Amino acid sequence: MMNGIAQHSVLIVSGTQKGAAYITEMLSSSEFYPISTVLNGGEARRLLLQNSYDLVIVNAPLPDEFGHELAMHVVEKAISGAMLIVKSELFDQVSAKVEPYGILTIQKPVARPLFYQALRLLIATQNRWRRFDNENKKLQTKMEEIRIVARAKCILVEYLRMSEQQAHRYIEKQAMDMRTSKRNVAENILKTYD
């Protein structure tokens with residue numbers, strides 16, 4: 001974050017230097033940094049293996065593929081927002097194909113106000129998606145902890161003949177006494193008895 005403005009990393013994939021330069025020039029350097037550019041889908045895929053980007057803008061067609069395949073790859077494999085820029089005569093056909101993947105499509109020639117509005121929409125969507133993804137990860141971690149603690153309780157019931165309630169209290173007390181989590185206590189129980 002620079003001067004209170006969140007910065008978004010951008011990968012521009014365009015079959016021509018002129019197209020890449022035009023898109024780069026439309027991006028505000030204070031908000032969009034770093035900006036990387038490549039000239040084909042293969043280069044973009046290699047770069048995406050090494051780096052992550054908040055936004056990927058594909059100016060179709062590319063020399064080695066049309067570009068919608070790359071955009072679909074981006075949203076399936078990475079936590080990046082994808083924008084696909086296509087000729088106006090192909091807009092309806094292409095957008096129908098990629099919208100189910102959450103890819104934003106805009107038409108050429110690109111008007112600056114529309115481009116900027118599309119970027120704002122893409123950023124807002126990505127922010128929302130990241131929040132959902134973070135919540136999902138927290139829930140998965142919590143569910144895994146519940147499963148581990150439940151398995152540890154079963155072991156205490158089986159091997160030490162505790163009731164389920166006693167096993168629960170035992171794990172909680174051990175966690176408080178040892179100043180650790182119930183999950184750590186449960187994992188130690190599992191290591192001891194498994």
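## A walk through the predicted model

Arg-161 sits in the loop between α5 and α6. Helices (H or I, at least four residues) and strands (E, at least two) are DSSP runs, numbered from the N terminus. Arg-161 is not a glycine, yet has a positive phi of about 55°. At 68% relative accessibility, this residue counts as exposed. The terms are set by relative accessible area with a 1.4 Å probe and protein chains only: buried is under 20%, exposed is over 50%, and partly exposed lies in between.

This is a predicted model, in which local features need pLDDT of at least 70 and side-chain atom pairs count only at pLDDT 80 or more, while totals for chains, interfaces and linings use all residues. Residues are numbered from 1 along each chain as its sequence is written, and side-chain values use heavy atoms, with hydrogens and water left out.

Arg-179 also deserves a look. Its place is the loop between α6 and α7. Arg-179 has a positive phi of about 50°, although it is not a glycine. Arg-179 is exposed, with a relative accessible area of 78%.

Next comes α7. This helix covers residues 182–193, and at 1.5 Å a residue its 12 residues should span 16 Å; the end C-alpha atoms are 17 Å apart, which agrees. The expected span is 1.5 Å times one less than the number of residues. Which residues of α7 are buried? They are Val-185, Ala-186, Ile-189 and Leu-190. Seen down the axis of α7, the buried residues fall within an arc of 140°, so they line one face of the helix. The arc is taken from the directions from the helix axis to the C-beta atoms. An α-helix has 3.6 residues a turn, so residues three or four places apart point the same way. On the other side of α7, Lys-191 and Thr-192 are exposed. The cover over the buried residues of α7 includes α5 (112–160) and α6 (164–177). Contact here means heavy atoms within 4.5 Å.

Helix α1 can be read in a similar way. Gly-19, Ala-20, Ile-23 and Met-26 are buried in α1. They cover an arc of only 125° around the axis, which puts them on the same side of α1. Gln-17 and Lys-18 are exposed on the other side of α1. The buried residues of α1 pack against β1, β2, β3, β4 and α5.

Now the interior. A nonpolar core is a set of buried Ala, Val, Leu, Ile, Met, Phe, Trp, Tyr and Cys residues joined through side-chain atoms within 4.5 Å. The largest has 22 residues, and those with the most contacts inside it are Leu-11, Val-13, Val-56, Leu-70 and Leu-84. Two or more residues each come from β1 (8–14), α2 (41–50), β3 (55–59), α3 (68–77), β4 (81–87) and α4 (91–98). The largest share of this core, 4 residues, comes from α3. A second, separate core of 19 residues includes Ile-12, Ala-20, Leu-104 and Ala-118.

Turn to the open space. On a 1 Å grid over the protein atoms alone, a cavity is a set of points where a 1.4 Å probe fits but cannot get out; a pocket is an open set with protein on both sides within 12 Å along at least five of seven lines; lining residues have an atom within 4 Å of a point. Grid points are joined across faces, edges and corners, and a volume is the space filled by probe spheres set on the points. The largest pocket has a volume of about 220 Å³. It is lined by 15 residues, of which Lys-18, Gly-19, Tyr-22, Asn-59 and Lys-108 lie nearest its centre. Helix α1 (residues 17–26) gives the largest share of this lining, 5 residues.

The structure holds 1 cavity of 30 Å³ or more. His-8, Asp-54, Leu-55, Ile-123, Gln-126, Asn-127 and Arg-130 line the largest cavity. The largest share of that lining, 4 residues, comes from α5.

One joins Tyr-33 and Pro-34, with omega about -10°. Pro-34 lies in strand β2. Another joins Lys-108 and Pro-109, with omega about -5°. Pro-109 is in the loop between β5 (104–108) and α5.
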